[in-house]
Amino acid sequence: MVLAMAAFALEDTFVKRAAASMPVSQVLALLGLGGMAVFWCLARTGGGVLVPQVLSPVMGLRALFEITGRLFFVLALALTPLSTTTVILQATPLVVVAAAALLFGERVGWRRWLAVLVGLGGVLVIVQPWSDGFSPLAILALIGMLGFAGRDLTSRMAPAGLGAPVLGFYGYLAVVVAALPVAGYTRAAWSWADQGAILAMLAAVAAGTSAYTCLMKAMRTGDVSAVTPLRYSRLLFGIALGVLFFGEALQPSTLVGAGLIVISGLFTLWRAPARR
């Protein structure tokens, strides 16, 4: 799980680097095509990616959430600090807990509800919609986080016969689809002049697919209650990479909000009923 979170943080870093020289639509398309190619090769040993279960309504809904999450998260990476975007993303488990209670009837006591509210309050501390320095661009990361929460919820409802390579293939296909509206809206010409950006995209694909593989391995072979709290290590990696590679200065509000999100997330996991 720690390797997965480190690799995801590296993927974010390389995507942000590439987006500095390439249009966002190009970054999305190359990232999606690269991920599709990797998972298509992995899925060939298990029967391929053209299986009937992918046509289920749940998979269609999962694709919509994936498109939303990827699109707005990449936009946030391109336009806002990496550290801030990473911190806001850590609220995803809290949203999943709240949505699972409302949609699936899972039991969530008042203490966990309070923790969810505190964690979401941490997001508000980071975004600061009440201040003069509020940037509407911060909403991009918030929408991306909600998209990823929806993806996690629908992944739970996905047909059990779909393996990680198949889910990964169609997840990255959604990234390619997300590039289409951006390309149509911006009409920005694609550029191949910056070799550093191309190398960054190749590194992003390698990091992203490795992270996804490690994540599936951790969730399927480890004790969920033991490995899930380690998701928050991504916050440390993301902040460190933002400071080291992009010279980002950490605001006190970001640190306070990050603390509230992590503490709330760990508390909800600790209070979660044991799964048998």
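**Ground rules.** I number residues from 1 along each chain as its sequence is written, and side-chain values use heavy atoms, without hydrogens and water. Because the model is predicted, local features need pLDDT of at least 70 and side-chain atom pairs count only at pLDDT 80 or more, while totals for chains, interfaces and linings use all residues.

**Record.** I looked up the UniProt entry, which is unreviewed, and found "domain: EamA" listed for residues 1-127 and 138-268. The entry also lists "transmembrane region" for several spans, among them 27-51 and 87-105. Such annotations may be inferred rather than shown by experiment; positions follow the numbering used here, and feature names are shortened.

**Spans.** I read helices as DSSP runs of H or I with at least four residues, and strands as runs of E with at least two, numbered from the N terminus. Residues 1-127 are 80% helix and 0% strand, with end C-alpha atoms 28 Å apart. Residues 27-51 are 72% helix and 0% strand, and their end C-alpha atoms lie 28 Å apart. For residues 87-105 I noted 84% helix, 0% strand and 28 Å between the end C-alpha atoms.

**Helix pair.** I then checked α1 (residues 2-19) against α3 (residues 57-79): they pack at about 70 degrees, with axes 8 Å apart. Axes are lines fitted to C-alpha atoms, for helices over the stretch in contact, and angles run from 0 to 180 degrees between N-to-C directions. The two helices are therefore roughly perpendicular (65 to 115 degrees). Contact (heavy atoms within 4.5 Å) involves E11, D12, V15, K16 and A19 of α1 with R70, F73, V74, L77 and A78 of α3.

Terms used: Parallel < 35°, antiparallel > 145°, perpendicular 65-115°, else oblique.
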